Amino acid sequence: MVEFDDTFRRQLHELFVWRRDVRRFRSDPLPEGAIDRLIETACLSPSVGLSQPWRFVIVDDAVRRRAVIDDFRACNADALSCYSGERAARYATLKLSGLEQAPGHLAVFADKTSDIGHGLGRATMPETTEYSVVAAITAMWLAARAEDIGLGWVSILNPDRVHAILDVPETWKFIAYLCIGYPEGECDRPELEQAKWEHRRRADEFTLRR
């Protein structure tokens with residue numbers, strides 16, 4: 001039986017504290033096999049019925065990357081138009097992706113039609129397929145941070161256009177587009193908190209007892 005001591009638990013907590021959604025990357029290339037190694041760690045995550053619904057697409061092609069960047073710009077402009085006044089002005093100053101700087105691009109999908117796991121646990125809550133993929137992304141995020149690699153989740157994208165750009169099966173549901181690389185800096189506070197967009201709340205604000 002593997003035992004984890006207090007020192008490990010403190011270090012694990014520090015890993016959680018110092019994990020960031022990275023938008024500012026250095027141009028240094030990642031070591032050979034780094035993304036493959038992170039994917040292997042992600043595949044250790046729990047999944048409903050052991051369905052392992054995660055599907056990863058490493059995006060190396062420059063033309064496809066440029067198409068994703070163009071889609072982000074279009075979607076970001078649309079998002080900006082949803083705000084007005086001071087909030088719009090603040091939104092316009094935010095850096096919301098590292099797509100142009102990050103050396104690694106990784107798209108993550110959920111295969112909702114896979115027969116792996118034989119449907120166990122999904123009859124009443126089919127959305128647990130997507131939840132399983134998100135759990136895998138979280139594991140990857142922490143594993144990356146442990147290697148001093150930054151990961152940024154870009155959600156300001158049109159899923160249908162991403163599907164077309166990457167030419168993946170229609171049955172795969174787009175979950176995340178991840179930028180991966182070495183961060184320009186480190187901080188124990190979210191960038192959106194530093195930019196005064198929002199602040200982290202206490203856990204008791206989200207907790208009920210029944």
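**A covered strand and its partners**

Mentor: Start with residues 18-182, whose end C-alpha atoms lie 14 Å apart. This span is 39% helix and 17% strand. Helices here are DSSP runs of H or I with at least four residues, strands are runs of E with at least two, and both are numbered from the N terminus. UniProt, in an unreviewed entry, lists residues 18-182 as "domain: Nitroreductase". UniProt positions follow the numbering used here, feature names are shortened, and annotations may be inferred rather than shown by experiment.

The model is predicted: local features need pLDDT of at least 70, side-chain atom pairs count only at pLDDT 80 or more, and totals for chains, interfaces and linings use all residues. Numbering runs from 1 along each chain as its sequence is written, and side-chain values use heavy atoms, with hydrogens and water left out.

The part to study is strand β2, residues 104-111. Eight of its eight residues are buried. Buried means under 20% relative accessible area, exposed means over 50%, and partly exposed lies in between, with a 1.4 Å probe and protein chains only. Look at the two faces of β2. One carries G104, L106, V108 and A110; the other carries H105, A107, F109 and D111. Both faces are covered.

Now the neighbours. Strand β1, residues 54-58, pairs with β2 in the antiparallel sense over five bridges. Two strands pair if DSSP finds at least two bridges between them. Here I58 stands opposite L106 of β2. β2 also pairs with strand β4, residues 172-181. That pairing is antiparallel too, over eight bridges. H105 stands opposite C179 of β4.

T129 sits in helix α5. T129 is buried, with a relative accessible area of 2%. Leaving out residues up to four places away in sequence, T129 touches A110 and D111, along with V48, P53, K112 and R122. Contact means heavy atoms within 4.5 Å.

Follow the chain out of β2. The loop between β2 and α5 (128-146) holds H118. Its phi is near 55°, a positive value in a residue other than glycine. H118 is exposed, at 78% relative accessible area. K196 also has a positive phi, about 60°, and is not a glycine. K196 lies in the segment after α7 (191-194). K196 is exposed, with a relative accessible area of 63%.

Next, the start of the chain. Helix α1 covers residues 6-18. At 1.5 Å a residue, its 13 residues should span 18 Å, and the end C-alpha atoms are 18 Å apart, which agrees. The expected span is 1.5 Å times one less than the number of residues. At the start of α1, a side-chain oxygen of D5 comes within 3.3 Å of the backbone nitrogen of T7.

Last, the whole protein. There are seven helices and four strands. Along the sequence they follow the pattern α-α-β-α-α-β-α-β-α-β-α. The radius of gyration is 18 Å, close to the 17 Å that the globule rule gives for 210 residues, so the protein is as compact as a globular protein of that length. That radius is taken over C-alpha atoms, and the rule is 2.2 Å times the number of residues to the power 0.38. Along the principal axes, the C-alpha atoms fill a box of roughly 50 × 45 × 45 Å. Of the 210 residues, 41% count as buried. Among contacts between residues at least 6 apart in sequence, 82% join residues at least 24 apart.

Definitions and conventions:
Polar contact = N/O pair within 3.5 Å; in protein donor to acceptor, adjacent residues only side chain to side chain.
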